[in-house]
Amino acid sequence: MSGTLNVTKGVNVEILQDGFEVALNGVVLLQHTIQKPMLFVGYGEETIEMYRGNFDIKDYVTERTALRYANVEEVEGAYKIDFSSFNNGDTMLSLIVKEEENRLKVEYQKHDANINRFWLRVAADKQEKVYGCGEQLSHFNMRGKNFPLWTSEPGVGRNKQTYVTWQADVVDRAGGDYYNTNFPQPTYVSSKKYYCHVETTAYADFDFRNETFHELQVWEVPEYMLFETADTYLELVEKITGLFGRQPELPDWVYNGVVLGIQGGTDVVEQKLEKVLAKGMKVSGVWCQDWQGKRITSFGKRLMWNWKWNESEYPELDKKIAEWKENDIRFLGYINPYVAIEGDLYKEAEDKGYLALNTEGNTYLVDFGEFYCGVVDFTNEEATQWYKQVIKENMIDFGLDGWMADFGEYLPTDVVLKNGVDAKIMHNAWPTMWAKANYEAVSEAGKLGEIVYFMRAGYTGIQKYCTLLWGGDQSVDWSLDDGLASVIPAALSSGMSGCGLHHSDIGGYTSLHGNKRSKELLMRWAEMGAFTPMMRTHEGNRPDDCFQFDGDEETLEHLARMSNVYVTMAPYIRSLVEENARRGIPVQRPLFMHYEEDEKTYDIQYQYLFGEDVLVAPVHQENQTEWEVYLPEDQWVHVWSGEEHTGGSVTVVQAPLGYPPVFYRKKSIWSELFSKLLHI
């Protein structure tokens, strides 16, 4: 049998002599023949070891079988395709191909209960580019690489060729690689203007190395896959967020200036505020992650994970929060989904059975680096309600207007959960469950739109529940894989995955193995931070090894100036954030999102469009006073000189400290606002 059959208007199934082809709106997605099968199934035995959020994952595949033979039949407006490994053999796997809400949906049914490895090949071509897969920090265009999708610590250095990564591996078992990320997602976007999403929380590996197909591996038979096409990339990300949900708008107070990361107690905060305000710095908030106390480990300054105000560390904080708020300065704190064994919250949770267990039925303790914690079990509805109440009473009612909702990627694979589901399946689901707990606590308190919490861990579905992403724990250096530069592809890839609000620790975080933050790095990071949805500084894990924003007068004045740049841009930024909430269009965008015909834009990962009208090319290497910028075909105005440039080529611009390469479109309706930056 051969010929073309329409499942619906948009989906075509072409039956061939020895196989079939499936297309959506003219885009060929699945191709199968006896000689070139698209499906493989098998069996594997994995070993997974976690050490402080870093996972050593090994797989021994005992069998991989090509499902070469397919039988296609029409079933109630869809097509059922039965696959077997040999002609007229028993069906091992069935596909249901149908159209659902203008998407191609491929559902799977396995007929052999032992199958626990699945490989599917999606049709590709040599010129194709692919993006997304959550937040990727080393490669924006993922073509030519494979990407394991498992939420974890991203690792220190993230490049096996660097000294820092080598030392982190040898000493800490924590070096990481190009694919390690807090926020993976089994969703990619193709330059053919379609997205592909695999509905699974199992370990997956998306391989984009072959010229003719993308091979998607999953350690289970997924429930289904979705494909959807669009005419433009703007429409495509709108459809992606239509599927997963959209982030709410940021609170208005965020646009009042920079959020200063300060630790050390009430007096320290007061002193630093007085100092920066005297310099004319615009400050929207103070973020004191040690508001509930701290501990010192060999890693550096760590926090006491018992989520209550520590009066000895922050005396009279309850009064000061109100005073600061009267002056439009908000107070932000910190929380994560674990409770330290020294705290009373741990005792309460253990007594009530709210913590995950080990295989012996005792409380599972996770080693976070010289201290141990229990895991709040979000599969236990009573535990979730309890933890939401902790957030409401100890944080929201106390007066916090935001916090870092840290971690989420540490769920061990041998933990026993209330719902009885294997932790290997729940591991990737955990960040979204943690985000949902925060979202519901804020919503139930009636504070959605007033409070912002920022997260580093994510997975499918986090889009709706995460008010703001941050890039995680970058090294305080200039490395492409883990330093300043890595934040740019991180923002772009997460935006293509449906999370369009992203920012980072100004100055980075991780100072280890001789890594120390320089003054220049801090200043360059602040320049980029002014052109993101929110500006926020961080002292780092070893503050004494990191140059701070008040380290000298020049740095203090530099941050004050960049905060004024951000506040001047606030009406424009607010409009972009509103568009993200309404349509799912990210604030930081790849150049090709608005210049689709320009082939050069598809491989640019260290520049971005800030909305449609501003182009930002952060200086991400040290000792530079000039910088090369690629300007797409358009009329551009250099922000700091007012000089006009015609796009379509590389432009070398002067870029001394304080003057990052930023351009705006001459024809923008915001051009009058942008021109004000020239005088700051």
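Strand β6 contributes 5 residues to the lining of the second largest pocket, the most of any element. The model is predicted, so local features need pLDDT of at least 70 and side-chain atom pairs count only at pLDDT 80 or more, while totals for chains, interfaces and linings use all residues. Residues are numbered from 1 along each chain as its sequence is written, and side-chain values use heavy atoms, with hydrogens and water left out.

The second largest pocket holds about 570 Å³ of space. A pocket here is an open set of points on a 1 Å grid over the protein atoms alone, where a 1.4 Å probe fits, with protein on both sides within 12 Å along at least five of seven lines; lining residues have an atom within 4 Å of a point. The volume is the space filled by probe spheres set on the points. Of the 28 lining residues, Phe55, Asp56, Ile57, Tyr179 and Asn180 lie nearest the centre of the second largest pocket. The elements giving two or more residues to this lining are β5 (39-51), β6 (54-66) and β13 (146-149); strands are DSSP runs of E of at least two residues, and helices are runs of H or I of at least four. The lining of the second largest pocket divides into 10 nonpolar, 9 polar and 9 charged residues.

The largest pocket contains about 710 Å³ of space. Its lining has 37 residues, with Glu153, Phe299, Arg302, Tyr410 and Tyr509 nearest the centre. Both α1 and β22 (300-303) supply at least two residues each to the lining of the largest pocket, and β22 gives the most, with 3 residues. By class, that lining has 16 nonpolar, 10 polar and 11 charged residues.

Helix α1 covers residues 163-172 and includes Val170. Val170 counts as exposed because its relative accessibility is 55%, where exposed means over 50%, buried under 20% and partly exposed in between (1.4 Å probe, protein chains only). Tyr163, Trp166, Val170 and Val171 form a nonpolar surface patch with about 450 Å² of accessible area together. Such a patch joins nonpolar side chains within 5 Å, from residues with over 30% relative accessible area and no salt bridge (a side-chain nitrogen of Lys or Arg within 4 Å of a carboxyl oxygen of Asp or Glu).

Most residues other than glycine have a negative phi. Glu76, not a glycine, has a positive phi of about 50°. Glu76 sits in the loop between β7 (69-75) and β8 (78-84) and is exposed, because its relative accessibility is 82%. Cys133 also has a positive phi, near 55°. Cys133 belongs to strand β12 (residues 130-134) and is buried, with a relative accessible area of 0%.

Notes. Patches are made of residues with over 30% relative accessible area and no salt bridge: like charges are joined within 9 Å, nonpolar side chains (Val, Leu, Ile, Met, Phe, Trp, Tyr) within 5 Å. Accessible areas come from the Shrake-Rupley method with a 1.4 Å probe; for residues, only the protein chains shown count as cover. Ala, Val, Leu, Ile, Met, Phe, Trp, Tyr, Cys and Pro count as nonpolar, Asp, Glu, Lys and Arg as charged, and the others, Gly among them, as polar.
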